[in-house]
Amino acid sequence: MKKTPKRMCVVCRQMFDKADLIRVVKTPIGEILIDKSGRLNGRGAYICKNEECINNAKKRKSFERAFEINAIDEELFEKLRSNIIE
């Protein structure tokens, strides 16, 4: 039986199976993208498929800290919210 890898949500810090999280990646050229394939090159950070965690990520600047950048575009949070609905 194959074990599924565990990852930690950058907001609530709970461990989940990788498939139960959304991966956000900072590409080598500095773009911040949602990585649906889980294979894009760059620095990845994971977040729960939970609207409360998405809202807290914005408030607490979780992705800014994870990627060591100054600001995240509001569009990313809108895309994350639409991903949890799908």
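Author: A residue is called exposed when its relative accessible area is over 50%, buried when it is under 20%, and partly exposed in between. The model discussed here is a predicted one.

Reader: Why is Lys 59 called exposed?

Author: The relative accessible area of Lys 59 is 66%. The cut-off for exposure is over 50%, so Lys 59 counts as exposed. This residue lies in helix α1, which spans residues 51-60.

Reader: Which residues of α1 are buried, and what makes them line one face of the helix?

Author: Cys 53, Ile 54, Asn 56 and Ala 57 are the buried residues in α1. Viewed down the helix axis, the buried residues of α1 fall within an arc of 165°, and therefore they line one face. The face turned away from that buried side carries Glu 52 and Lys 59, both exposed.

Reader: Lys 59 also belongs to a positive surface patch. Which residues form this patch, and what makes it positive?

Author: The patch is formed by Arg 13, Lys 59, Arg 60 and Arg 65. It is called positive because Lys and Arg count as positive.

Reader: Ile 69 is found in the loop between α2 (62-67) and α3 (74-85). Why does Ile 69 count as partly exposed?

Author: Ile 69 has 23% relative accessibility and therefore counts as partly exposed, since buried would require under 20% and exposed over 50%. The C-alpha atoms of Ile 69 and Glu 51 are separated by 23 Å, the two residues being 18 residues apart along the chain.

Reader: How many salt bridges does the structure hold? How do you know that Asp 35 and Arg 23 form one?

Author: The structure holds five salt bridges. For Asp 35 and Arg 23, the closest N and O atoms are 2.3 Å apart. The criterion asks for a side-chain nitrogen of Lys or Arg within 4 Å of a carboxyl oxygen of Asp or Glu, so this pair qualifies. Asp 35 lies in the loop between β4 (32-34) and β5 (43-48), and Arg 23 in strand β3 (residues 21-26), so the pair ties together parts that are twelve residues apart in sequence. Both Asp 35 and Arg 23 are buried.

Reader: What makes Lys 58 and Glu 74 a salt bridge, and which parts of the chain does the pair link?

Author: The side chains of Lys 58 and Glu 74 meet at 2.3 Å, N to O; the limit is within 4 Å, so the pair is a salt bridge. The pair links distant parts of the chain, with Lys 58 in helix α1 and Glu 74 in helix α3, 16 residues apart. Lys 58 counts as partly exposed at 39% relative accessibility, and Glu 74 is partly exposed at 29%.

Reader: Why is Gly 38 called partly exposed?

Author: Gly 38 has 22% relative accessibility and so counts as partly exposed, because buried means under 20%. Gly 38 is placed in the loop between β4 and β5.

Definitions and conventions: Residues numbered from 1 in each chain as written. Predicted model: local features only at pLDDT ≥ 70, side-chain atom pairs only at ≥ 80, totals over all residues. Heavy atoms only, no water. Patch = residues over 30% accessible without salt bridge, like charges linked within 9 Å, V, L, I, M, F, W, Y side chains within 5 Å. Areas by Shrake-Rupley, 256 points an atom, 1.4 Å probe, with all protein chains shown as cover. Charge placed at Lys NZ, Arg CZ, Asp CG, Glu CD. Helix = DSSP H or I, 4+ residues; strand = E, 2+ residues; numbered from the N terminus. Buried < 20%, exposed > 50% of the residue type's maximum accessible area, 1.4 Å probe, protein only. Arc of directions from axis to C-beta.
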